[in-house]
Amino acid sequence: MYNRLTKYIITVLLALVTTSCDNFLSIEPADQLTSNAFWRDARDANAGVAAAYSQLEYSIDTWGFAEVKWPVEAYREDIVLLGADATNYPNWVELSTFTYTNGNSQVLEYWNNNYIGISFCNQILEKVPNIPAEKITEQERNQYIAEAHFLRAYYHLKLLLNFEEIIIRDTYIVNQDQLEKGNSTREETWNFIISDLKAATSLPASYDAENVGRATSGAANAYLGLCYLTMAYEQSNKKAEHLQQAVTHLDKVVGYTLEPNFISMFTGDNKNCKESIFELQFSMTTANGANYRTQFHKWMAASELGGWDEILPSEILLNAYKKEGKIATTGLYDSRFYETIFFNDPYYNDGSGKIFGKDYNDLFDREKPVFRKFLPNTAEGMKQNYSAINIPLMRYANVLLMKAEALNELGRTADAIPLINQVRAVHGDMPPITGTTQDAVRLQIEHERMIEFPLENWRWYDLRRWGKLESAMRAANRSNFSLAKHAFYPIPLVEVNSNKALTNN
């Protein structure tokens, strides 16, 4: 997070890392800031929380941010293809072709980053309760502890969505003996994540401008809804119970509305808007050595737009947008199509300069669809070496569609339909759906999620939840895919070799 929360990240990271699981020296130099000497007051606690936020999605790395999250999460999806430059990186290609092993470097970075974040959270949960009462208010103490619970849950959740079994790290590691810990069952890990998220529901519903971006009670409830929805499919004997819990928590996500200007949420022009529930924060500021900007826009953009050509939309995705035809109130396809992808269409090639000005008018006369989402909204922005586009991690549209899914699976189809129609109308300028049966609405939800969230990387988890990974991979001609081997990533080889307590990996 930027603003007040991020002023101390570099100093704090140095302090926290000196006593991380990679450093087992017992001697603490008197002239250096260490963990034991750091946690003195509310200022230190707030800075420690900032460090825990800094690990979100590998965003602390200007270069590696895009090169870890999107290859690991998106390249395996049926709705994207590798761009020309991406084929120069074998460790990326392996993720798309399902030829990776447990030695893949990007998977290792993904694993390590989330566990570093967990370590920072555990330090907060251990140290902040012991700060003297005269140095911190109880309101501050409770908030920082609740934020640590939220972030620890988030990091464990990202791991559990990508690895079949993970290690629950619930204590701050100070010696090597503590590293030897086995993997837990999925049910045990889900219960741990849910416990942390419930502890985070005490967070404020919103913050002032100086603290925007911090986790809220709305974020905690939204992710509880996601957890229970996913568990409903994994634990069929408790499906109805988990679905009802999902609805209960999603009902508590209040105070948000859909953003009519869909594309503005992904260009840096409308940060932390009324639809944003939890959002990864970036800034172009470089004051005092700050670095909260990335080269994400270059990674995401095609070469024709001045990018590096790393990721492209697939024909499967294009066909999904075209599926219902030009029935939007605009007389065109679903508006999300035009705001997610640049493609050869009169809408873009009418001479009015809709693609970054007049220099781009004839850019897509050729047949090469490319992503528009997550690019700056101007040619000048595309030419900049850096960008500071926020990444929505949880949007209200997701809450509405998850709630619709849970309601429909509970047999409350009539209650689900208005939620779907709300997203269609506001984001897609689309008419209400016509299907009214549970099966028809289920298929419509699958369609809406496919076209609502490209590049937000929900597709893989959706397909796995619905039991449709195999059929989707066949349709995408991903012939190397094996459900048994590739539904989850393997625990990285480095962890396997260093942690003898792991089993079944």
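Reply: Let me begin with the terms: an axis is a line fitted to C-alpha atoms, for helices over the stretch in contact, and an angle runs from 0 to 180 degrees between N-to-C directions. Helices (H or I, at least four residues) and strands (E, at least two) are DSSP runs, numbered from the N terminus. This is a predicted model, in which local features need pLDDT of at least 70 and side-chain atom pairs count only at pLDDT 80 or more, while totals for chains, interfaces and linings use all residues. Residues are numbered from 1 along each chain as its sequence is written, and side-chain values use heavy atoms, with hydrogens and water left out.

Me: ok, at what angle do α7 and α9 pack?

Reply: Helix α7 (residues 138-162) packs against helix α9 (residues 217-234) at about 30°, and their axes are 11 Å apart. That makes α7 roughly parallel to α9, since angles under 35 degrees count as roughly parallel, over 145 as roughly antiparallel, 65 to 115 as roughly perpendicular and the rest as oblique.

Me: and which residues of α7 and α9 meet?

Reply: With contact meaning heavy atoms within 4.5 Å, Phe-150, Tyr-154 and Leu-157 in α7 meet Ala-219, Ala-220, Tyr-223, Leu-226 and Cys-227 in α9. By class, this contact of α7 with α9 has eight nonpolar residues, with no polar and no charged ones; here Ala, Val, Leu, Ile, Met, Phe, Trp, Tyr, Cys and Pro count as nonpolar, Asp, Glu, Lys and Arg as charged, and the others, Gly among them, as polar.

Me: how do α9 and α10 pack, then?

Reply: The angle between α9 and helix α10 (residues 239-251) is about 165°, with the axes 8 Å apart. That makes α9 roughly antiparallel to α10. The residues in the contact of α9 with α10 divide into ten nonpolar, five polar and one charged.

Me: switching to α15 and α16, at what angle do they cross?

Reply: The axes of helix α15 (residues 396-409) and helix α16 (residues 413-428) cross at roughly 155° and come within 8 Å. That makes α15 roughly antiparallel to α16, and their contact has nine nonpolar, four polar and two charged residues.

Me: now the cavities, how many does the structure hold?

Reply: There are five cavities of 30 Å³ or more. On a 1 Å grid over the protein atoms alone, a cavity is a set of points where a 1.4 Å probe fits but cannot get out, and lining residues have an atom within 4 Å of a point. Grid points are joined across faces, edges and corners, and a volume is the space filled by probe spheres set on the points.

Me: what's the volume of the largest cavity, and which residues lie nearest its centre?

Reply: The largest cavity has a volume of about 150 Å³. Of the 18 residues that line it, Tyr-154, Lys-158, Leu-393, Glu-456 and Trp-458 lie nearest its centre. The largest share of that lining, four residues, comes from α7, and by class the lining of the largest cavity has twelve nonpolar, one polar and five charged residues.

Notes
1 Å grid on protein atoms, 1.4 Å probe; cavity = no way out; pocket = protein on both sides within 12 Å on 5 of 7 lines; lining within 4 Å.
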